[in-house]
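This report is an introduction for a reader who is meeting the structure for the first time. Please look through the sequence and the model below before reading on.

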Amino acid sequence: MGKILVTGGTGFIGSHTCVALINAGYQVVVMDNLCNSKVEAIARIEMITGKHLRFYRTDMRDKNGIRQIFEDNKIDAVIHFAGLKAVGESVEKPLEYYENNISGTLTVLEVMREFQCSILIFSSSATVYGSHNVVPYQEDMSTSATNPYGYTKVMIEQILRDVCLAQPKCSAVALRYFNPIGAHESGLLGENPNGIPNNLVPYVAQVAMGKLDCVRVFGNDYGTPDGTGVRDYIHVMDLAVGHVAALAYAVNHPGFEAINLGTGKGSSVLDVVHAYEKACGKKIPVKFVDRRAGDIATSYADVTKAKELLGWETVYDLEKMCADSWKFTLQNPNGL
Ligand code: NAD
Ligand code: UFG
């Protein structure tokens, strides 16, 4: 077990996972079409690790392009991050989301079958718990979604279950991420969204930089301790190490598993703002506005399964997540 293909490997979570994989001794091949990331991420991974990695600018829907990667490299396993991920955009452009995320995944799976590569780790999301389950979310709860992006995750999990039934040698682990934030502690890699950020922490970072005026807090009348939404924020390097643990598990365990990757702890919007104020040493202005459509009050993980199956748990707290995000933002004011 040595060579890993990382689809979406120049993106936020993929690039950090490349660092964790290389640190664990794997060889990494990255594939990305760069629709939401920069090739500079490759140079940053190489700077952090001191190791060279091979990069293919390829679209995951291009079957011959993916075949070429498998012909050039003996790929032992695939970690599959590539996909479009903006919830609001998926409501506006459902066909683009289904086409990119589902067709792209089917193409990757078809080529894996052709080359008898039987191990896949997939980026799923806590969004598959929908709005009907009660926290803490456990992996055996029923899944659903409230938007096309979420449905791509529900559907791809089902596709992987079915593939594992049909091909008993296959291992597929769907990792259900909670809210990944933070950055590599070197400040060389981090989250780099295009335009005005949708997610809380990148937005707070831009307010701290003086690029945006104030954080709009979407609702302070939820049934939570301070009335603002509660989420399970996880440091992206903890998440990255979770993929290395999932890979080790998958090698010896054929079949499909869904596993939560979170801290098991909820933090409110105001907790995040206060932790960020501490990290950057500035006051961050907030304004309370209406709830955002589609948001739920509270989301956090039951992390028992990850501990039991993967022997993995998080080590970083919210303060460290904000400190690393701030370091990356200061060092890269215009992104990568
Ligand atoms: P990201 O946008 O930074 O990374 C995804 C990468 O996939 C990008 O580099 C993009 O260029 C690439 N990509 C998209 N379509 C492609 C295609 N057709 N061919 C090749 N490359 C393509 O996002 P991220 O935050 O790193 O997320 C990685 C994965 O984790 C995604 O599947 C996302 O849905 C999932 N996820 C993310 C979060 C989160 O909050 N960031 C939460 C849960 C799940
Ligand atoms: N929020 C604000 N103001 C903002 C942005 C967010 O108050 O400007 C609040 C939201 O209402 C929510 C919390 O901050 O209570 C976190 O919001 P994010 O947009 O950062 O994250 P979400 O939990 O809404 O969603 C994220 C990803 C989804 C993924 C989900 C679960 O964007 O793709 O986590 O993994 F599905």
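Which residues come nearest to ligand 1? Of the 27 residues around ligand 1, the nearest are Asp32, Asn36, Ser37, Asn100 and Tyr149. The model is a predicted one, and the distances that follow should be read with that in mind.

**The two ligands**

Ligand 2 has 20 residues around it, and those that come nearest are Ser125, Asn199, Arg216, Arg231 and Asp295.

| Ligand | Ligand atom | Residue | Part of residue | Distance |
|---|---|---|---|---|
| Ligand 1 | nitrogen | Asn33 | backbone | 3.2 Å |
| Ligand 1 | oxygen | Ser37 | side chain | 2.7 Å |
| Ligand 1 | oxygen | Lys153 | side chain | 2.9 Å |
| Ligand 2 | oxygen | Phe178 | backbone | 2.9 Å |
| Ligand 2 | oxygen | Asn179 | side chain | 3.0 Å |
| Ligand 2 | oxygen | Arg292 | side chain | 2.8 Å |

**Helices α5 and α6**

Helix α5, which covers residues 94–114, and helix α6, which covers residues 148–166, have axes that come within 10 Å and cross at roughly 20°. Angles under 35 degrees count as roughly parallel, and α5 and α6 are therefore roughly parallel to each other. Their crossing is right-handed. On the α5 side the contact includes Pro94, Tyr97, Tyr98 and Asn101, while the residues from α6 include Pro148, Tyr149, Tyr151 and Thr152. Taken by class, the residues of this contact are 14 nonpolar and 3 polar, with no charged residue.

**Helix α11 and its two partners**

Helix α11, made up of residues 318–331, packs with helix α7, residues 200–208, at an angle of about 55°, and their axes are 10 Å apart. The two helices are therefore oblique to each other, and α7 passes α11 in a right-handed crossing. Here Val201, Ala205 and Ala208 of α7 meet Ser325, Trp326 and Thr329 of α11, a set that divides into 4 nonpolar and 2 polar residues with no charged one.

Helix α9, residues 269–280, also packs with α11 at an angle of about 55°, with axes 8 Å apart, and that makes α9 oblique to α11. The crossing of α9 and α11 is right-handed. Among the residues in contact are Asp271, Lys278 and Cys280 from α9 and Glu319, Cys322 and Trp326 from α11; by class, this contact has 9 nonpolar, 2 polar and 3 charged residues. Ser325, Trp326 and Thr329 of α11 meet α7, and these residues are also listed where α11 meets α9.

**Two backbone features in loops**

Where does Leu34 lie in the chain? Leu34 is in the loop between β2, residues 27–32, and α2, residues 40–49, and its phi is near 65°, a positive value in a residue other than glycine.

Note on methods:
Residues are numbered from 1 along each chain as its sequence is written. Chains are lettered from A and ligands numbered from 1 in the order in which they are written. This is a predicted model: local features need pLDDT of at least 70, side-chain atom pairs count only at pLDDT 80 or more; totals for chains, interfaces and linings use all residues. Side-chain values use heavy atoms; hydrogens and water are left out. Axes are lines fitted to C-alpha atoms, for helices over the stretch in contact, and angles run from 0 to 180 degrees between N-to-C directions. Helices (H or I, at least four residues) and strands (E, at least two) are DSSP runs, numbered from the N terminus. Angles under 35 degrees count as roughly parallel, over 145 as roughly antiparallel, 65 to 115 as roughly perpendicular and the rest as oblique. A crossing is left-handed if the near helix is turned anticlockwise from the far one by less than a right angle, and right-handed if clockwise. Contact means heavy atoms within 4.5 Å. Ala, Val, Leu, Ile, Met, Phe, Trp, Tyr, Cys and Pro count as nonpolar, Asp, Glu, Lys and Arg as charged, and the others, Gly among them, as polar. A residue is near a molecule or strand if one of its heavy atoms lies within 4 Å of it. A polar contact is a pair of N or O atoms within 3.5 Å; within protein, one must be able to donate a hydrogen and the other to accept it, and residues adjacent in sequence count only if both atoms are side-chain atoms.
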